[in-house]
Amino acid sequence: MEIIVIGLNHKTAPVDIREKFSFPESAINEALLALKGSAEIMENLILSTCNRVEIYALVNEAEAGIRSIEEFLSKSKKMGIEQFRPHVYILKGDDAVNHLFRVIASLDSMIVGEPQIMGQVKDAFEYALNVETNGIVFNTLFKKAAEVGKRARSETDIAKNAVSIGFAGVELAKKIFGDISGKTVLVIGAGEMSELTLKHLVGNGVSNVFITNRTFEKAEELAKAFNAKAIPFEESFKEMVNVDIVISSTGAPHCIITKDFVSKLIKDRKHKPIFFIDIAVPRDIEEEVNIIDNVYLYDIDDLKVVIESNLKERAKEIPKVEVIIEKEKHKFFAWFNSLEVVPTIVSFKDKVEDIRKSELEKIINRLGSVSEKDKDLIEALSVGIANKFMHLPIIQLKKATQEDSGYVYVDALRYLFGLENKE
Amino acid sequence: MQLDILFFDISIVLYLFAIIHNFVFAAVKKERVFMLGFGAVIAGFFFHSAYIVSRFILSGYIPFTNLFESLVFFAWTLVVIYLIFSLKYKFEILGSFILPLVFLCYFYAVFLPKDINPLSDVLKSPWLNFHVILSFFGYATFALAFSTGLMYLMQEHYVKARKPAPFYYLLPPLDVLDELNSRLVSIGFFLFTISITSGAFWAHQVWGSYWHWDPKVIGALITWLIYVIYLVCRHVYGWQGKKVAYLSVIGFWSAILTYIVISFFKLGLHIFG
């Protein structure tokens with residue numbers, strides 16, 4: 001019995017192959033059931049996102065299982081096995097579980113630390129649950145995986161530090177102002193990027209928002225969406241005396257905010273810090289503005305540099321996540337390996353034998369003087385009961401094993417009789 | 001070996017352990033490393049305090065009347081202020097700035113004679129404890145203001161450079177540093193002003209005049225004036241950020257310089273022991 005994964009992702013396959021292999025929501029149930037129909041496969045799950053398509057399966061024997069999944073893929077995607085093989089990775093046992101844990105911890109993602117993959121794996125599990133292609137192994141495995149994902153994000157800084165333009169702007173604002181709730185924002189130019197950045201700022205508690213635009217109607221439109229105040233373009237320059245953060249993204253061909261203007265502005269502001277985010281190309285704000293004390297200016301390229309650096313900070317956390325993965329993997333396999341039938345039968349027999357012996361000893365002690373012959377008789381009685389008691393469960397267990405459902409009974413037996421998992 | 005010196009030596013080891021852990025924390029950002037370091041500070045502080053108490057019992061006066069004693073006592077006030085601050089704010093990187101100052105005091109003190117001298121007649125005054133303790137706590141508060149000023153200047157540099165350096169991620173936001181700097185200077189200034197005033201009254205009682213052309217007094221006055229400039233710039237002219245951060249750094253340097261020059265050349269009336 002082995003866990004395998006066959007998959008392709010953004011590193012191994014170009015987008016056209018990924019598209020071809022992806023399973024839309026509508027096709028997933030059918031695919032899951034088709035896989036379950038294979039004699040080799042006991043449990044299966046399909047993880048299909050825009051960056052990866054992976055089929056996880058619990059199989060009797062790895063090679064046969066891999067073959068049947070490959071055949072399934074070939075048939076359903078109408079492509080020869082040899083054709084897609086260069087794009088596909090196949091992992092077994094320890095490696096497969098390791099891979100799953102890395103995926104959910106986002107170490108395998110395009111952007112390390114991204115949060116979506118947690119939800120995507122959860123959804124994939126729900127699909128399997130709906131058509132019952134999961135079983136006790138995947139229930140345990142994917143519960144563990146969710147734990148790994150959570151621990152990676154809460155116990156390390158893997159998901160800390162912004163990696164999007166909008167969020168990088170927010171983080172910088174926090175580095176300058178500390179708490180940004182109660183700060184005032186002015187948005188010049190109602191574009192898509194400024195809207196995105198504004199959304200992050202408002203999400204982080206910024207309460208007062210002014211929006212201006214050459215065409216006033218557009219400003220009003222955006223203002224409505226954010227419960228903000230639209231102001232005429234000319235007035236916005238006066239308003240800068242009171243705002244803390246300025247997001248500029250006009251289509252102007254040259255700078256609209258100059259160093260001279262800001263030098264005067266900062267005096268009118270009584271040196272209160274102001275943060276300019278210039279996301280326009282070409283830029284709206286003169287580069288030299290940044291030289292003035294208490295004035296901070298970031299343009300789109302600067303934000304990209306910050307993101308680059310943040311990604312490196314996240315990468316530094318990878319070893320910490322790997323330690324978590326290693327530990328959880330160890331725990332999982334301690335349980336998984338205990339699902340083997342033969343050792344379970346042995347420990348079942350040991351357990352019963354222990355009970356028999358200790359009870360026998362107790363009764364002999366209580367009887368006091370017993371003849372050897374009686375002792376033998378009592379002993380024979382205990383052996384008889386124990387063997388009769390164990391006979392049917394063991395036979396049934398062996399039979400179930402031949403029918404691929406053995407591990408389910410093994411798990412139940414271990415649970416009911418409190419048989420310890422070996423580490 | 002005297003008990004007080006034994007306590008002192010134990011605190012050296014613990015503070016060293018604490019410094020190393022604070023630096024390692026700054027490099028690897030592991031909470032556990034910081035907690036180990038912080039635990040060591042508290043343990044070190046315990047023995048540091050035990051030194052002061054046992055020395056007090058041995059000599060009969062609070063130990064700050066010779067160079068060795070005053071350095072170790074100053075280090076103690078630094079740790080007191082640092083611990084109070086750490087209880088109030090989660091400000092882990094502060095240890096990497098304050099503990100080296102503690103270490104410098106210790107490093108100097110280790111090489112100095114540690115004898116207990118009898119108190120000279122001038123110092124046998126109720127003014128002594130009041131004057132000295134206040135000034136030490138004033139200096140220690142300025143030291144903390146200096147650290148936050150330094151952090152502000154570093155962080156401002158990183159934010160302006162628009163290239164995040166490792167410290168960028170560890171240092172608190174600019175506004176927070178600016179605010180702390182302002183508060184610390186105000187508290188330090190308050191303590192320091194009372195200390196100077198009490199010194200003047202004491203001098204009047206002993207020598208009959210409030211003012212003496214004593215190098216330490218002049219140095220202290222210069223330091224005091226720098227902080228006056230700081231407060232005026234901030235509260236009258238509304239300066240904030242970089243320029244006042246520089247002033248808080250300069251103010252503390254002035255205090256340190258006064259101390260070093262006077263102890264090194266053994267100048268004036270403030271020479272003890």
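**The largest cavity and its surroundings**

The largest cavity is lined by A:Ile6, A:Gly7, A:Leu8, A:Phe21, A:Val53, A:Ile55, A:Leu73 and A:Val88. The model is a predicted one, and about 50 Å³ of space lies in this cavity. The elements that give two or more residues to its lining are β1 (2-9) and β3 (52-59) of chain A, and β1(A) gives the most, with three residues. By class, the lining of the largest cavity has seven nonpolar residues, one polar residue and no charged residues.

The count of cavities of 30 Å³ or more comes to two, and the second largest cavity has a volume of about 40 Å³. Its lining draws on both chains, with A:Ile176, A:Pro273, A:Asn294 and A:Tyr296 among the residues from chain A, and B:Tyr152, B:Leu174, B:Asp175, B:Asp178, B:Gln240 and B:Gly241 among those from chain B. Here α7(B) gives the most, with three residues, and the lining of the second largest cavity divides into five nonpolar, three polar and two charged residues.

The largest pocket, an open space, has a volume of about 1200 Å³. Its lining comprises 37 residues, of which A:Asp157, A:Lys160, B:Lys29, B:Glu31 and B:Glu92 lie nearest the centre of the pocket. Two or more residues each come from α7 (136-155), α8 (165-177), α13 (300-316) and α14 (318-337) of chain A, and from α2 (31-59), α6 (166-170) and α7 of chain B. The lining of the largest pocket divides into 16 nonpolar, three polar and 18 charged residues.

After α7(B) comes B:Gly208, whose phi is positive, near 85 degrees. Within the helix lies B:Arg183, which counts as partly exposed at 42% relative accessibility; B:Arg183 and B:Leu170 are 13 residues apart in sequence and 21 Å apart in space, C-alpha to C-alpha.

B:Thr141, in helix α5 (residues 126-161) of chain B, has a relative accessibility of 2% and therefore counts as buried, the cut-off being under 20%. Leaving aside neighbours within four places in sequence, B:Thr141 is in contact with B:Ile81, B:Leu184, B:Ile187, B:Gly188 and B:Leu191.

In chain A, A:Ser236 of helix α11 (residues 233-239) is buried, with a relative accessible area of 0%, and touches A:Leu186, A:Thr212 and A:Ile231, not counting residues up to four places away in sequence. A:Leu381, found in helix α16 (residues 372-402) of chain A, is exposed instead, because its relative accessible area of 55% is over 50%.

Note on methods
Residues are numbered from 1 along each chain as its sequence is written. Chains are lettered from A and ligands numbered from 1 in the order in which they are written. This is a predicted model: local features need pLDDT of at least 70, side-chain atom pairs count only at pLDDT 80 or more; totals for chains, interfaces and linings use all residues. Side-chain values use heavy atoms; hydrogens and water are left out. Helices (H or I, at least four residues) and strands (E, at least two) are DSSP runs, numbered from the N terminus. On a 1 Å grid over the protein atoms alone, a cavity is a set of points where a 1.4 Å probe fits but cannot get out, and a pocket is an open set with protein on both sides within 12 Å along at least five of seven lines; lining residues have an atom within 4 Å of a point. Grid points are joined across faces, edges and corners, and a volume is the space filled by probe spheres set on the points. Ala, Val, Leu, Ile, Met, Phe, Trp, Tyr, Cys and Pro count as nonpolar, Asp, Glu, Lys and Arg as charged, and the others, Gly among them, as polar. Buried means under 20% relative accessible area, exposed over 50%, partly exposed in between (1.4 Å probe, protein chains only). Contact means heavy atoms within 4.5 Å.
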